[in-house]
Amino acid sequence: MESVSNRPMKYYYPEHLAGYERIKAEGKTAWAEIHGGSGFENFASREFLEAVLPRLRFADEHPAALELGCGTGPGACFLAEQGFRVDGIDLIPAAIEIACAQARKRGLDIYYEVMDVVELPHEGKPYDLIVDSYCLQCIVTDSDRDKLFAAVRARLKPQGYYVISTAYFEDNRCHKDESVIDESTGTAYYRYGENCLFDPAADIVYSPVEQEHCQWEDSVRIAGKWYLPNRRHRRPEALKAELTMAGFNVLDQDKGNMLCSHKGAVKKDKA
């Protein structure tokens with residue numbers, strides 16, 4: 001596996017840049033609409049948030065919430081409608097542009113900012129609730145995930161909650177009878193989905209890159225073709241272990257949906 005060095009753009013940038021530019025160009029309002037889903041209100045983590053939020057205790061009547069990788073803002077709008085004071089950050093300007101428009105349309109006061117979640121400063125406003133709605137799966141490398149978790153720990157209040165919804169490893173997507181061996185390293189990858197590769201040792205999904213000479217950071221050459229790290233699809237038990245090692249207490253988990261707190265914090269659901 002041959003790495004490409006000195007590349008300016010992170011591996012998760014091209015997919016999301018293209019996706020949100022397409023959403024804007026086609027007059028759509030949400031990521032799901034270009035992937036077979038429907039509507040701004042039907043965002044993927046809504047069901048879990050609806051189930052878990054009524055159980056949580058907050059000292060403030062209007063708790064401060066941050067959504068990581070907010071996209072066009074469906075989750076942030078949902079939180080604001082529940083009485084949270086919401087900030088949202090996303091890497092792609094087009095996503096934030098749409099998010100601001102959707103908040104204005106609904107009469108919601110939400111602060112949005114273009115920011116890479118991995119670069120979230122440790123100093124700044126503390127939050128009662130930090131929400132990750134299918135952003136973590138796109139933060140693939142160990143170093144980037146460590147940076148993200150450290151930032152969440154720094155910005156989450158001692159009695160705050162970290163709510164995650166993320167994709168996880170599914171056996172039915174992994175074609176273990178179709179392996180690809182990279183001769184330069186001896187690493188064996190499985191076919192995953194339609195055209196991706198899966199590294200079972202690292203739980204990393206690689207997607208093929210069309211251009212002959214890849215320009216993105218962390219690009220790799222596997223068996224003569226260029227790939228980008230695309231997703232981290234871990235089994236639920238591995239996700240729990242990772243969050244625990246990162247300094248969180250996993251209070252509840254349903255596969256890729258997780259409710260966490262600072263490790264050692266004592267939490268009680270509402271009566």
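In what follows, Ala, Val, Leu, Ile, Met, Phe, Trp, Tyr, Cys and Pro count as nonpolar, Asp, Glu, Lys and Arg as charged, and the others, Gly among them, as polar. Keep in mind that this is a predicted model, where local features need pLDDT of at least 70, side-chain atom pairs count only at pLDDT 80 or more, and totals for chains, interfaces and linings use all residues. Residues are numbered from 1 along each chain as its sequence is written, and side-chain values use heavy atoms, with hydrogens and water left out.

Let's start with the second largest pocket, at about 570 Å³. A pocket here is an open set of points on a 1 Å grid over the protein atoms alone, where a 1.4 Å probe fits, with protein on both sides within 12 Å along at least five of seven lines; lining residues have an atom within 4 Å of a point. The volume is the space filled by probe spheres set on the points. Of its 24 lining residues, E15, C196, S207, P208 and N230 sit closest to the centre. The lining splits into 13 nonpolar, six polar and five charged residues.

Now for the largest pocket, with a volume of about 760 Å³. It has 32 lining residues, and Y20, W31, G69, S133 and Y134 are the closest to its centre. Here α1 gives the most, three residues. By class, the lining of the largest pocket has 15 nonpolar, 12 polar and five charged residues.

Key. Helix = DSSP H or I, 4+ residues; strand = E, 2+ residues; numbered from the N terminus.
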